[in-house]
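Here's a quick briefing to go with the model.

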Amino acid sequence: MKGKLFILSGPSGVGKGTVRESILSDKEVNLTYSISYTTRAPRNGEINGVHYFFVSREYFENAIKNDELLEYAVFVDNYYGTPKKAIDDLLNQGKNVLLEIEVQGAKQVMKKCPEAITIFMVPPSFEELEKRIRGRRSEPEDIVQQRLSKAKVEMQLQKNYKYVVVNDTIENASKAIIDIIKGVNKN
Ligand code: 5GP
């Protein structure tokens with residue numbers, strides 16, 4: 001049986017990455033993460049081939065030209081995209097696949113794969129989101145400002161998603177998403 005495709009979106013800094021790691025460590029959900037391509041520079045501690053495939057603009061633009069991406073988007077001046085073949089292979093092996101992607105890319109996947117299960121993660125408040133983005137201390141002020149204004153726009157698009165999960169604590173948000181995945185797997 002083919003695996004199921006899950007899309008997780010939410011504004012930058014909401015904690016998708018941390019929650020994602022917590023979900024992936026739950027063996028019962030049989031979930032595999034799709035590693036994206038990006039042209040942005042690695043943050044401290046990020047590893048090529050684990051967190052992202054960090055590629056050049058030229059490499060990314062070739063991947064677009066050769067139709068190798070299921071979706072892609074420009075986010076704060078960098079490209080981000082999902083490799084198509086890797087996803088198809090995983091789904092055909094019966095694995096459930098999680099895409100952690102921003103809203104423009106998610107829209108493209110919803111169109112191509114209407115059966116995808118869509119989840120949007122929100123912060124408990126906008127003030128909390130700002131605190132989390134600043135707490136990362138890895139980006140200059142202009143990038144922080146761009147991520148914050150982008151977050152305001154992204155928050156309005158939660159209505160396009162089937163499930164909305166509040167990330168008040170990692171434990172609560174992970175549990176809510178695991179419950180969604182387990183519920184879907186039963187059907
Ligand atoms: P960050 O730079 O914080 O790692 O990611 C910025 C945004 O890009 C996040 O919202 C993240 O979910 C999103 N993102 C990561 N990978 C992809 C991808 O393959 N496609 C799209 N459309 N967005 C992605």
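Which strand is the place of Ala73? Ala73 sits in strand E5, which covers residues 69-75. Bear in mind that this is a predicted model, where local features need pLDDT of at least 70, side-chain atom pairs count only at pLDDT 80 or more, and totals for chains, interfaces and linings use all residues. Numbering runs from 1 along each chain as its sequence is written, and side-chain values use heavy atoms, with hydrogens and water left out.

**Around Ala73**
- Ala73 is buried, with a relative accessible area of 3% (buried means under 20%, using a 1.4 Å probe and protein chains only).
- Setting aside neighbours within four places in sequence, Ala73 is in contact with Asn78, Tyr79, Tyr80, Glu102, Gln104 and Gly105 (contact means heavy atoms within 4.5 Å).
- Ala73 and Leu24 are 49 residues apart along the chain, and their C-alpha atoms are separated by 24 Å.

**The whole chain**
- The protein chain has seven helices and nine strands (DSSP runs: helices are H or I with at least four residues, strands are E with at least two, numbered from the N terminus).
- Along the principal axes, the C-alpha atoms fill a box of roughly 50 × 40 × 30 Å.
- Buried residues account for 44% of the 187 residues.
- Of the contacts between residues at least 6 apart in sequence, 68% join residues at least 24 apart.

**Charge**
- The chain carries 28 positive and 25 negative side chains (Lys and Arg count as positive, Asp and Glu as negative; His and the chain ends are not counted).

Technical notes
Buried < 20%, exposed > 50% of the residue type's maximum accessible area, 1.4 Å probe, protein only. Charge placed at Lys NZ, Arg CZ, Asp CG, Glu CD.
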